[in-house]
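Reader: I have the sequence and the structure open beside me. Could you take me through some of the labels that are given to residues, and show how each label is reached?

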Amino acid sequence: MPYFDAASTAPLHPVARQALLAALDEGWADPARLHRSGRQARMLLDAARETVGEVLGARADEIVFTASGTQAVQLGVLGALRGNRRRGAHLLHSAVEHSAVLHTAERWAADGGAATAVPVDRHGRVDAGEFAAALRPDTALAVLQSANHEVGTLQPVAETAALIGDVPLLVDAAQSAGRLPVPGGWSVLTASAHKWGGPAGVGVLAVRKGVRYSSPLPADDREGGRVPGFVNVPAIVAAAASLRAVRAEAETENARLHELVELIRRRVPQLVPAAEVVGHPELRLPHLVTFSCLYVDGEVLLGELDRAGFAVNSGSSCTSSTLTPSHVLAAMGVLTEGNVRVSLPPGTTAADVERFLDVLPRVVADIRAPLGLDLPAPGGTAEALVLDTLGKRCPLPVIELAKRIPGVAPGGRVAVLSDDEAARHDIPAWCEMCGHTYAGEAPATEYGADHGTAYLVVRAEDR
């Protein structure tokens, strides 16, 4: 079964497996102890720290290991904010950061701090100048990911770092570490081993010398006082070994995967009607592509692809179970429904991708078949139409809109009544994709409903 979900977690690299098994025999003891077994574990831990620092462009004594990438982000953000509290209590970050950043920002604001999210363009990329312009006199920390985890867009980290002066910059490099060189200008760096083919349960937190940092956790003498508790030496050794191996293979493997992703980016809009590839077309990770299929429930699509033998994920968390639109896709202004994220692990073959491109159109067509989207247009004479989709969850309001708008005369208006928050993002995104004009929103009470919002769409002129 082809595994196309490396952005969630990459398969364990063969070098990681070998290193882990060897370290289980040699590095099981407490590296803080002075006996022979402890010293052996300490040597392995120090060597791993040296390797990780070398690959990530940091000194060994700037590196500490955490229990996960999420923990590294949380400690990095809170520790840097506490360390720079004399500057103020303002946190600046992009609107498309990982939820680990957003949840930490929410906690910081709830505890009396302040946080600002900088918007992105339709490709999911911040403008470095706009980011720098959002700084305040009391900004204590800025956060900017190296590459987006949902759509693969690379962020202008080095350019941004050059514009923000002496404000510390935390870079979340979870998706790019190992695959791409680490961008310059960071003050704090975080990464996650299972993203590059290391074992799960190992995160990396790097703090540059001279950067003020104060751990938000109770004091502990391990990992420089930044991360309490016993470290998992065998897993850390395996993580370091695999990071070095992945980085050595990156140039060749990136070029190969880039070509396969280019094939997907080019062919999906040709093979699947009403599909849009999202994310930056050039400034992006080499192994990741996300596309949106109109009129399709993302959870259903992922399930059908799984039954067809393909393990993919969604660029959206909006499913019938969570009802929560992806904050990344919403910030980009693209469709938050029917998204598929394909992220290719090392070793993916062209045959695997070709089979995926053969299966995908049939799967999407089968899901759409019961919706009646291919029915003849019902006349195209009405000047206005009110669609009551209250109580229906996306993508149903968009599907109803697509089915009924052919019955509206060009220039006519459709008011879609909905109480699903996802419609606020998906209806404008649908208009952008299909060439219609989104005319804003109004209270649904103006159209006879007792609650909800009316989303206003003007039908495009016939071409």
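Reader: Which residues does Gly79 touch, leaving out those up to four places away in sequence?

Author: In this predicted model, Gly79 touches Arg212, Tyr213, Ser214 and Pro216, where contact means heavy atoms within 4.5 Å. Residues are numbered from 1 along each chain as its sequence is written, and side-chain values use heavy atoms, with hydrogens and water left out. As the model is predicted, local features need pLDDT of at least 70 and side-chain atom pairs count only at pLDDT 80 or more, while totals for chains, interfaces and linings use all residues.

Reader: Why is Gly79 called buried?

Author: The relative accessible area of Gly79 is 0%, and buried means under 20%, exposed over 50% and partly exposed in between, with a 1.4 Å probe and protein chains only; Gly79 therefore counts as buried. Gly79 is found in helix H3, residues 69-83, helices being DSSP runs of H or I with at least four residues, and strands runs of E with at least two, numbered from the N terminus.

Reader: What makes Ser343 buried, and where is Ser343 placed?

Author: Ser343 lies in strand E10, residues 339-343, and its relative accessible area is 0%, so Ser343 is buried. Beyond four places in sequence, Ser343 touches residues including Tyr3, Phe4, His287 and Leu288, and its side chain reaches the backbone nitrogen of Ala7 at 2.9 Å.

Reader: How do you know how many disulfides there are?

Author: A disulfide is a pair of cysteine sulfur atoms within 2.5 Å, and by this rule the count comes to zero. Cys431 is in no disulfide, the nearest cysteine sulfur being that of Cys434, 7.7 Å away, and because of that distance the sulfur of Cys434 is too far for a bond.

Reader: Why do Cys431 and Cys434 get the labels they have for accessibility?

Author: Cys431 has 2% relative accessibility and so counts as buried, whereas Cys434, at 29%, counts as partly exposed.

Reader: What makes a group of residues a nonpolar core, and how many residues has the largest one?

Author: A nonpolar core is a set of buried Ala, Val, Leu, Ile, Met, Phe, Trp, Tyr and Cys residues joined through side-chain atoms within 4.5 Å. The largest has 51 residues, and among those with the most contacts inside it are Phe65, Trp196 and Met332. Helix H7, residues 233-271, gives the most to this core, with nine residues. A second, separate core of 30 residues includes Leu263, Leu301, Leu344 and Leu360.

Technical notes:
A polar contact is a pair of N or O atoms within 3.5 Å; within protein, one must be able to donate a hydrogen and the other to accept it, and residues adjacent in sequence count only if both atoms are side-chain atoms.
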